[in-house]
Amino acid sequence: YFDAANIIKGSKATFVVEIGLVDFTCVSSAQHAALNGVKGKKILLDVPYRAHHMEQPIYQKEWQENVVAKKDNFIRDYLK
């Protein structure tokens with residue numbers, strides 16, 4: 001266990017964060033609260049159907065297209 005809120009507090013880094021809105025392990029309210037302390041840019045990808053693991057095959061294609069693709073594009077742009 002570690003307290004992400006204290007680790008990232010005041011960070012000026014850019015954060016790309018996928019937040020599963022039905023994740024009962026890392027609840028979305030705690031993630032949003034932790035990100036409030038970040039001073040850098042925040043790119044939040046709220047995913048209403050995502051629990052802690054991607055267990056719902058019915059949403060796999062949508063997740064790949066709308067979440068994974070955005071994260072991959074950020075990484076590609078960052079590494080240019």
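Predicted model: local features only at pLDDT ≥ 70, side-chain atom pairs only at ≥ 80, totals over all residues.

Colleague: Is arginine 50 buried or exposed?

Modeller: The cut-off for buried is under 20% relative accessible area. Arginine 50 has 14% relative accessibility, so it counts as buried.

Colleague: Which residues does arginine 50 touch?

Modeller: Leaving out residues up to four places away in sequence, arginine 50 touches Glu18, Gly20, Leu21, Val22, Asp23 and Trp63.

Colleague: Let's follow one of those, then. Where is glutamate 18 found?

Modeller: Glutamate 18 is in strand β1, which covers residues 15–20. Its relative accessibility is 17%, so glutamate 18 counts as buried.

Colleague: Which side chains make polar contacts with the side chain of glutamate 18?

Modeller: One is the side chain of tryptophan 63, at 2.6 Å. The side chain of lysine 71 also makes a polar contact with that of glutamate 18, at 2.8 Å. The residues that glutamate 18 touches, again not counting those up to four places away in sequence, include Gln31, Leu45, Val47 and Arg50.

Colleague: And what about lysine 80: buried or exposed?

Modeller: Exposed means over 50%. Lysine 80 is in the segment after α3, and it counts as exposed because its relative accessibility is 80%. For a sense of distance, lysine 80 and glutamate 65 are 15 residues apart along the chain, and their C-alpha atoms are separated by 22 Å.

Technical notes
Residues numbered from 1 in each chain as written. Heavy atoms only, no water. Buried < 20%, exposed > 50% of the residue type's maximum accessible area, 1.4 Å probe, protein only. Contact = heavy atoms within 4.5 Å. Helix = DSSP H or I, 4+ residues; strand = E, 2+ residues; numbered from the N terminus. Polar contact = N/O pair within 3.5 Å; in protein donor to acceptor, adjacent residues only side chain to side chain.
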